[in-house]
Structures are given as structure tokens and as C-alpha cells.
Amino acid sequence: MKKSLVLLAIAMIFATASQAQLKFGLKGGLNVTNLSLKDFTHDRSNQCGFFAGPTVKFTFPAIGLGFDVAALYDQRQAKIKGTEDDLKQRQMIVPVNTRYSFGLGDAASIFFFAGPQFGFNIGDKDQPIGVMADGRYENVGEWRLKSSNFSVNLGFGVMLFHHLQVSANYNIACGKTGELKFGEAAGTVWNALQGNSYEGRANAWQVGLAYYF
């Protein structure tokens with residue numbers, strides 16, 4: 001009896017594996033950065049960015065379980081109210097998501113996904129922060145990004161006609177993305193912050209469009 005159950009389980013595994021699908025595609029979309037920075041407010045009119053790059057999807061249609069991995073160029077930005085400079089983050093990100101889907105017929109399916117994301121900064125890691133004082137630009141500090149970061153994705157999406165995918169997710173930064181460090185700022189209200197530093201996290205809402213061949 002036990003041998004029969006083992007053989008049946010092995011047969012089911014091989015049957016499921018034989019139906020597995022591997023698809024390659026291209027993905028792109030919009031980032032809306034939600035900067036979390038203690039005691040400061042960022043300008044919500046200036047927080048949009050984008051991401052784009054190749055992606056691969058591995059699925060087991062029989063059980064609705066799958067995985068997707070991508071290598072994306074990702075740009076995010078935010079601006080602290082009262083300053084002149086945008087805080088920009090340019091990075092290569094590698095999201096690794098587990099996904100579960102269920103069909104709505106042959107034309108569409110809905111899926112939910114979650115997983116870790118690894119980011120590696122490729123842009124300027126030290127960026128100036130300045131204000132206008134008495135008609136001239138004055139540097140008051142510096143935004144210092146980490147070389148790499150770790151975050152988590154939680155989202156959902158729709159697959160149309162087995163090729164076109166539309167998704168939305170929230171990317172949650174685990175640990176600080178960067179640090180805002182204030183230097184000398186003579187003659188402005190920012191002078192009181194001289195020598196202080198504040199940790200920041202760049203979470204983001206993301207809306208993506210992908211096409212799998």
C-alpha cells in the first residue's frame with residue numbers, strides 16, 4: 001500500500017512537471033515613490049519614476065503555482081519640501097516572486113504574488129541637497145545612498161490571452177535606503193540641523209505591464 005502511494009506521488013510529480021511552462025518576456029512600468037524620512041515631508045508632486053527590463057516566468061498550470069524573476073533598471077525620485085534638489089535612486093533590481101493564479105476562462109487569469117527583491121545602486125550615491133537663500137543656491141546637506149538594498153514585494157495582477165500581463169504591487173524597503181546628512185548652512189533656518197543625520201526609506205507603489213513570448 002505504501003509503495004503504491006509513493007509511486008502515485010512520483011507519477012503526479014512527473015505529470016505536473018511535464019506540464020510546466022517557461023516563458024520569457026519584457027516588463028516595464030511606473031514607480032510612485034513614498035519616501036519615509038523622519039521629521040521631513042516630501043513633495044508629492046515630484047515622486048514618479050520608472051522601471052524596465054527582461055523577465056522570465058515559470059509556472060505549473062495544473063496547480064496554479066509559479067515563479068517569476070526579472071532584471072530591471074529602476075529609477076525612483078522624491079523631493080523634500082523647501083529644497084531645490086530631487087533625491088534620485090538609480091539601481092538594478094532583481095525581484096524574485098512566488099505567484100498563485102486561477103483562471104477566468106481561456107482569455108484571462110488573476111494572480112497574486114509576493115517575494116524578495118534585491119537592489120544594487122548604479123547611480124550617484126552622494127547627492128547634494130540645497131535651498132535658495134537671498135536669491136542664491138546654498139548647499140545644506142547630502143543624501144547618501146547605500147550601495148545595495150533589500151525589499152519585499154506584495155501585489156496582484158491579470159494575465160490576458162496567456163501573453164499580456166498587467167500588475168500592481170507595493171515594494172517595501174527593509175532597512176534604510178539612504179541617509180540625509182546636514183552640513184554647514186549659515187544664514188538659513190537649516191543651520192539648526194547642522195551635523196544631524198536622518199535615515200530614509202524609499203518604498204514605492206508600482207504598476208507594471210509585461211509581455212511574454
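I63 is partly exposed, at 46% relative accessibility (buried means under 20% relative accessible area, exposed over 50%, partly exposed in between, with a 1.4 Å probe and protein chains only). I63 sits in the loop between β2 (48-60) and β3. This is a predicted model: local features need pLDDT of at least 70, side-chain atom pairs count only at pLDDT 80 or more, and totals for chains, interfaces and linings use all residues. Residues are numbered from 1 along each chain as its sequence is written, and side-chain values use heavy atoms, without hydrogens and water.

**Nonpolar patch**
- I63 belongs to a nonpolar surface patch of about 1,100 Å², together with L22, F24, F58, L65, F67, Y100, F102, L104, F112 and F156.
- Patch residues have over 30% relative accessible area and no salt bridge, and nonpolar side chains are joined within 5 Å.
- β1 (21-37), β3 (65-70) and β5 (86-103) each give two or more residues to the patch.

**N121**
- N121 lies in strand β6 (residues 108-121).
- N121 is buried, with a relative accessible area of 8%.
- Beyond its neighbours within four places in sequence, N121 is in contact (heavy atoms within 4.5 Å) with residues including R90, Q91, L145 and K146.

**Aromatic pairs**
- The whole structure holds 8 aromatic pairs (ring centres within 6.5 Å; planes under 30 degrees apart are stacked, over 60 edge-to-face, the rest tilted).
- Y211 and F213 pair edge-to-face, because their ring centres are 5.4 Å apart and their planes at 75°.
- Y211 is partly exposed at 40% relative accessible area, and F213 is exposed at 59% relative accessibility.

Terms used:
Patch = residues over 30% accessible without salt bridge, like charges linked within 9 Å, V, L, I, M, F, W, Y side chains within 5 Å. Areas by Shrake-Rupley, 256 points an atom, 1.4 Å probe, with all protein chains shown as cover. Salt bridge = Lys/Arg side-chain N within 4 Å of Asp/Glu carboxyl O. Helix = DSSP H or I, 4+ residues; strand = E, 2+ residues; numbered from the N terminus. Phe/Tyr/Trp six-rings, centres within 6.5 Å; stacked < 30°, edge-to-face > 60°.
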